Structure formats: C-alpha cells, structure tokens
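Take a moment to turn the model around before reading on. We will walk through it together, one part at a time.

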Amino acid sequence: MTKIFVIVSTLFISYASAQVRNSFNNLNIKEDSILASTNSQLSAQTFSSTAKIDGLIKSNPEKLELFAILEQSETPVKVLTEEWPAGVIVSINILRDSQGKIIYSAEYPTSESGDWAIGYHHYFDENGNTFAFKRAANFFNTECTQGIAKEQSLYFFKANLSLIEKRYGLSDENGNDLSKKKMCFFNYDYEYLIRSNNKELLK
C-alpha cells in the first residue's frame, strides 16, 4: 500500500497576534499579505486548473482516498468506508487522476477544542509539481466578529515554488469583509509546510 509521509510535528505550535501577522510557513510569506500577479494569463490558467480539481472533488467525493495519522505515529493508515480509527491527529485526502497520479492532497489537523478548523490543500500538475496551495481556516475567538471568522490564503506557483500570485481573504460567516478590522486576534496560527511536489507523499 502506498505510504504517505507528512510533517506534522510543527502543526501545533501556536502564535497569538493582533493586527500584525508574522509568517508561519516555510516560504516566509506573511499570511495576510497580497502579492499581485506577475503573469495575469498564467494566473488565470492556474486558477482554472485549481477550480477544475475542486469541481472533480465536489462531483466525485467517493474518489478521494482517505488516510489518518494517529497519535504517536508518523505513518498514515488508510481509512476505508470512512470508519475513522481512534486517536486521529491529522486526516488526509488524496485525489488521483485516471493514470493514478496524485493531483491533490489535503491535510486537516484535529481540533480537540472545536474552536478552529484548518485545511492545507496542495494542487499538483501532471509532473507532480505544486502549482497551487490553499490554506483555509475557520475559527472563533477573534474579537473582530462574534461568530466564525473565515480566512483563506491562495498561492499560485511556477516550478520550484516560484510565486506567481498570492490572494488573501478574511470574512465573517456571512461573507462580510473583516480584513480592514483594526483589532482581530489570530490564536490558531499553526506553522505549516508548502511542498514543492508530491514526491514527499510517496514511499
């Protein structure tokens, strides 16, 4: 069975901040930064490719392969028929194309408190290189909204994580923009890794 290796040791290091955000990814890019496209045509093509994969997942959720990382183990186990084992600290979704190549992976750390939900999504091209990455986080306790804050960072890349564009959005559960709020706490800024390709997923 294919083994999937993910780095989870740094997922649970928390940094609390108000207004000013530090970077907490391996590319040293601030989470709330917006970087304009260096190539609008390539950016549009990349967005279209991510949307296509998202569409495949939405219309064919049964094609996702499910894995779990358990407590005191870094080797994921395959989950069949959504019967999740006890002690899951990270759940993983994998999507393959018709030739068996991995084109998408998502990692979801477990929130014991239920105060947050974060997903780290990689999109891979036909050569296995990362062409897009999305961090999507929903969380409470922000002080800039009474309900859920929804944060999304979307990165578009050329080869070797050469950045084309970075998009960012922060809104409440009704879609109202929160990015201009003077005070907003981010208590769940856990470090994460953006991989350059899917080779780290295979063994």
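Setting aside neighbours within four places in sequence, Phe139 is in contact (heavy atoms within 4.5 Å) with Asp115, Trp116, Gly147, Ile148, Ala149, Glu151, Leu170, Phe185, Phe186 and Tyr188. Keep in mind that this is a predicted model, where local features need pLDDT of at least 70 and side-chain atom pairs count only at pLDDT 80 or more, while totals for chains, interfaces and linings use all residues. Residues are numbered from 1 along each chain as its sequence is written, and side-chain values use heavy atoms, leaving out hydrogens and water.

Now step back to the largest nonpolar core. A nonpolar core is a set of buried Ala, Val, Leu, Ile, Met, Phe, Trp, Tyr and Cys residues joined through side-chain atoms within 4.5 Å, and buried means under 20% relative accessible area (1.4 Å probe, protein chains only). This core has 22 residues, and Phe133, Phe139, Tyr155, Leu170, Tyr192 and Ile194 touch the most other members. Apart from it lies another core of 17 residues, including Leu64, Leu66, Phe131 and Ile164.

A disulfide (a pair of cysteine sulfur atoms within 2.5 Å) joins Cys144 to Cys184, with 2.1 Å from S to S. Cys144 sits in the loop between β6 and β7 and Cys184 in the segment after β8, so the pair ties together parts that are 40 residues apart in sequence. Both Cys144 and Cys184 are buried.

Key:
Buried means under 20% relative accessible area, exposed over 50%, partly exposed in between (1.4 Å probe, protein chains only). Helices (H or I, at least four residues) and strands (E, at least two) are DSSP runs, numbered from the N terminus.
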